[in-house]
Every structure is written in structure tokens, then in C-alpha cells.
Number of protein chains: 2
Amino acid sequence: MESTVPEPEKGVAPPPPPPPPTSPAGCFLYDIILRVLLFATTLVAVLVMVTSKQTEMTLVPQLQITMPVDAKFTQSPALVYFVAALSVACLYSIISALASFLAMSIRSHHTKTLLHFIFMDTLILAIVVAATGSAGAVAYVGLKGNSHTGWTKICNVYDTFCRHLAGSLAVSLATAILLIMLIMLSSHSLYSKIR
Amino acid sequence: MESTVPEPEKGVAPPPPPPPPTSPAGCFLYDIILRVLLFATTLVAVLVMVTSKQTEMTLVPQLQITMPVDAKFTQSPALVYFVAALSVACLYSIISALASFLAMSIRSHHTKTLLHFIFMDTLILAIVVAATGSAGAVAYVGLKGNSHTGWTKICNVYDTFCRHLAGSLAVSLATAILLIMLIMLSSHSLYSKIR
């Protein structure tokens with residue numbers, strides 16, 4: 001009589017482990033999409049700012065004559081800093097998108113990459129937001145003036161220049177929101193690896 | 001003949017797991033210290049800014065007479081935003097220090113608390129840095145003026161007012177650095193729980 005005890009089936013694989021709440025590849029896919037958007041917004045903000053030059057016939061008080069006077073971003077240190085900061089963020093978006101793509105391909109050291117992304121994104125966020133704040137403050141004085149200090153508004157004359165400033169500031173605000181979303185995505189991916 | 005295969009020793013416990021690189025209580029201790037420093041810097045920045053009022057005898061161009069004229073932070077929207085933003089950060093530092101203290105005492109939900117700290121610290125960092133940038137841009141125009149737009153400098157007359165502004169801006173820069181350190185501490189604590 002043959003034994004009725006079933007032999008263990010050697011060919012059957014153990015049940016697969018439950019999938020993690022957020023797959024690393026999926027997290028890096030969203031990361032790359034956000035970084036490509038970051039590249040687009042920083043590039044647009046820089047281009048709109050550097051093409052803001054406007055020339056108008058203006059009365060020069062010292063000479064008491066009307067002559068063409070330029071308004072361009074290089075005349076204000078705050079706007080020069082804005083262009084420099086957004087250019088740094090644009091360069092960073094290219095490098096970090098490549099790093100994110102590599103991390104998705106290689107499939108190792110994911111957590112360390114996420115940690116470095118949080119560190120670097122925070123620094124770039126601080127640079128971009130400080131630049132947006134300073135350019136915004138100068139643009140606001142240009143728009144409204146300040147009667148207490150005697151600073152006159154210039155946006156009534158240089159309307160195209162101010163419209164470029166406003167557009168660039170709006171896009172850099174979107175840049176800041178994208179960077180905050182990137183920090184939240186990276187930290188949530190780290191968190192979901194613990195649960 | 002007895003079997004020579006050694007039996008498994010039932011009484012021996014498995015080797016203890018290696019200790020985590022950063023203990024949660026230690027991480028929250030540094031967190032509380034940084035948040036107390038955050039409270040101090042935000043409070044100092046707000047107090048130095050609101051006590052910056054200075055009155056000087058100034059020639060009023062419209063009336064062609066010399067009379068006492070005030071310089072105070074409420075005359076510039078950028079400086080009002082600075083005071084509001086640093087006050088919010090001051091309030092946040094109290095609430096988050098209490099939350100950190102509770103998390104250290106209760107010893108549960110540490111990782112979720114760290115994640116929430118990263119989210120909130122990032123938002124407060126953005127608010128504080130934008131305020132520092134905008135107040136810094138206005139203070140720079142007050143210090144140097146701008147010959148292109150005809151904005152005259154005021155710091156040659158209102159020296160104490162400008163010194164208060166500079167002090168407040170320096171302390172708010174320290175606030176921003178503290179917030180960046182807090183984000184890095186929280187994210188590194190999350191990371192060290194995975195290894």
C-alpha cells in the first residue's frame with residue numbers, strides 16, 4: 001500500500017510578499033514628472049524676466065529734457081538676484097531629473113537618493129522663495145510707489161516691463177509650489193518604506 | 001546507536017537586534033532644542049522690527065518746511081508682511097515644540113509625527129524666507145537707493161531705523177537656517193529608521 005501522505009511539492013514557489021504601499025519606481029516616476037515641470041517653469045521665469053526691457057520717452061529731471069530711457073532687470077539688484085536664483089534652480093532641475101531617472105533605472109540606494117533629494121530640494125526652495133520675495137517687493141514698490149519715502153511708481157510708464165515682472169513672479173510662485181510638492185513626495189516615499 | 005545530530009538548543013535566545021543608529025527620544029530632544037531656538041529667534045526678529053520707529057526733522061518737499069517725520073515699519077507693506085510672517089513662525093514654534101515634547105513622552109506614532117513635521121516646517125520655511133527676501137529688498141533700496149528709478153536712500157537720515165531692520169533681517173536669516181536644520185533632522189530620523 002502506497003503512502004497517502006502528500007509529498008511537498010518542490011516546484012511551487014512561496015507566495016509573493018505583499019506589495020509595498022508605494023512602489024519605488026512609481027515614486028520616482030512622479031518625481032521625474034515634477035522635475036520636468038520644474039525645469040519648464042524656471043526656464044520660463046528666467047526668459048520672461050530677461051526679455052522685459054522697455055524703452056520709453058521720459059523726462060529726465062536733471063537735464064529737463066525728454067529722451068528715451070530704458071527699464072531693464074539689470075537696474076535692480078533684487079531682479080538680478082531673481083534671475084541668478086532661478087537659473088540655479090533650472091540647472092538643478094536638469095541634474096536632479098537625471099539623478100531621479102538613474103535611481104529609477106538602477107533600483108538600488110533608493111532611500112539614500114530620497115534623503116539627498118529632500119536636502120537639496122529644501123535648499124533650492126529657500127533660494128527660489130527668497131528671490132521671489134525680493135523681486136516681488138521691488139515690483140510692488142514699482143507698481144504702487146511709497147509716499148512715505150518718496151519712491152514714485154514706474155509701472156504707469158513702463159507697463160510692458162511691469163507685465164513681464166508680474167508674469168515671471170507668477171511662474172516662480174509655481175516653481176516654489178512644485179519644490180514643496182517634491183519635498184512632500186520624497187518624505188512620504190521615505191515614510192511609506194517604514195510602514 | 002544514538003543519533004549524532006546535535007539537537008537545537010531550545011533555551012538559547014536569538015542574538016539581540018542591532019540598536020538603531022538614532023534613538024527616537026534623542027532625535028526629539030534635538031528637535032525640541034532647535035524649536036526653542038526657533039521661538040527665540042522669531043520673537044527677537046519681531047520685537048526688533050516693531051521697535052524700529054525713529055523720528056527725525058526732515059524737509060517736506062510739498063510744504064517746503066522742516067518738520068518731525070516718522071519712519072516705522074507700518075509704512076512699507078513688505079515690512080508689515082515680515083512682521084506677520086515671523087509672528088506666525090513664532091506661534092508655530094510654540095505649538096510644534098509642545099507636539100515634539102508630547103511625541104517624546106508618549107513614544108508612539110514617531111514616524112507619522114516626523115512626516116508631519118517635515119510638511120509643516122517646509123511651509124513655514126517658505127513663508128519666513130519669502131518675508132526675509134521682501135524685507136531685505138526694501139531695506140536694500142532704503143540703504144543704497146536706485147538712481148534708475150529715482151528712489152532716494154533714506155538710511156543716511158533714519159540710521160537707527162535701518163540698524164533695527166538689519167538686525168531683524170540677520171536674526172530672521174538665522175530662523176531660516178534653523179528651519180532647514182529641522183527639516184534635515186526630521187528626514188534623517190525617518191531615513192535612519194529604515195536602515
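Modeller: Happy to; what follows goes through the salt bridges one by one and then turns to the two chains together. Please keep in mind that this is a predicted model.

Over all chains, a search of the whole structure finds 8 salt bridges. Let's begin in chain A, with A:Arg163 and A:Asp159, whose closest N and O atoms are 3.8 Å apart. That counts as a salt bridge because the cut-off is 4 Å between a side-chain nitrogen of Lys or Arg and a carboxyl oxygen of Asp or Glu. Both residues sit in helix 4 (residues 159-194) of chain A, 4 residues apart, so about one helical turn separates them. Here is a handy rule for reading helices: an α-helix has 3.6 residues a turn, so residues three or four places apart point the same way.

Now move to chain B and find B:Asp121 and B:Arg35. They form a salt bridge in which the closest N and O atoms are 3.1 Å apart.

Another salt bridge in chain B brings together the side chains of B:Lys53 and B:Asp70, at 3.6 Å from N to O. B:Lys53 is in the loop between helix 1 and strand 1 of chain B, whereas B:Asp70 is in strand 2 of chain B, so the pair ties together parts that are 17 residues apart in sequence. B:Asp70 is partly exposed, with a relative accessible area of 25%.

Strand 1 (residues 54-60) and strand 2 (residues 65-71) of chain B run antiparallel and are joined by 7 bridges. One of the pairings to look for is B:Met57 with its bridge partner B:Pro68. The two strands make a hairpin with 4 residues between them, and in the turn B:Gln64 has a positive phi of about 55°.

Back in chain A, there is also a network: A:Asp31, A:Arg35 and A:Asp121 are linked by salt bridges.

Finally, what happens between the chains? There, the count of salt bridges between chain A and chain B is 0. The rule does find 4 residue pairs in polar contact across this interface. On the chain A side, the elements that give two or more residues are helix 2 (77-106), helix 3 (110-144) and helix 4 of chain A. The largest share, 18 residues, comes from helix 3 of chain A.

In terms of contacts, 37 residues of chain A meet 37 residues of chain B. The area buried between the chains is about 3300 Å², and carbon and sulfur atoms give 81% of that area. In chain A, the residues that lose the most area to chain B are A:Trp151, A:Tyr191 and A:Ile194, which together make up 19% of what that side buries.

Terms used
Residues numbered from 1 in each chain as written. Chains lettered and ligands numbered in written order. Predicted model: local features only at pLDDT ≥ 70, side-chain atom pairs only at ≥ 80, totals over all residues. Heavy atoms only, no water. Pairing = 2+ DSSP bridges. Buried < 20%, exposed > 50% of the residue type's maximum accessible area, 1.4 Å probe, protein only. Contact = heavy atoms within 4.5 Å. Buried area = accessible area lost by both parts, 1.4 Å probe. Polar contact = N/O pair within 3.5 Å; in protein donor to acceptor, adjacent residues only side chain to side chain.
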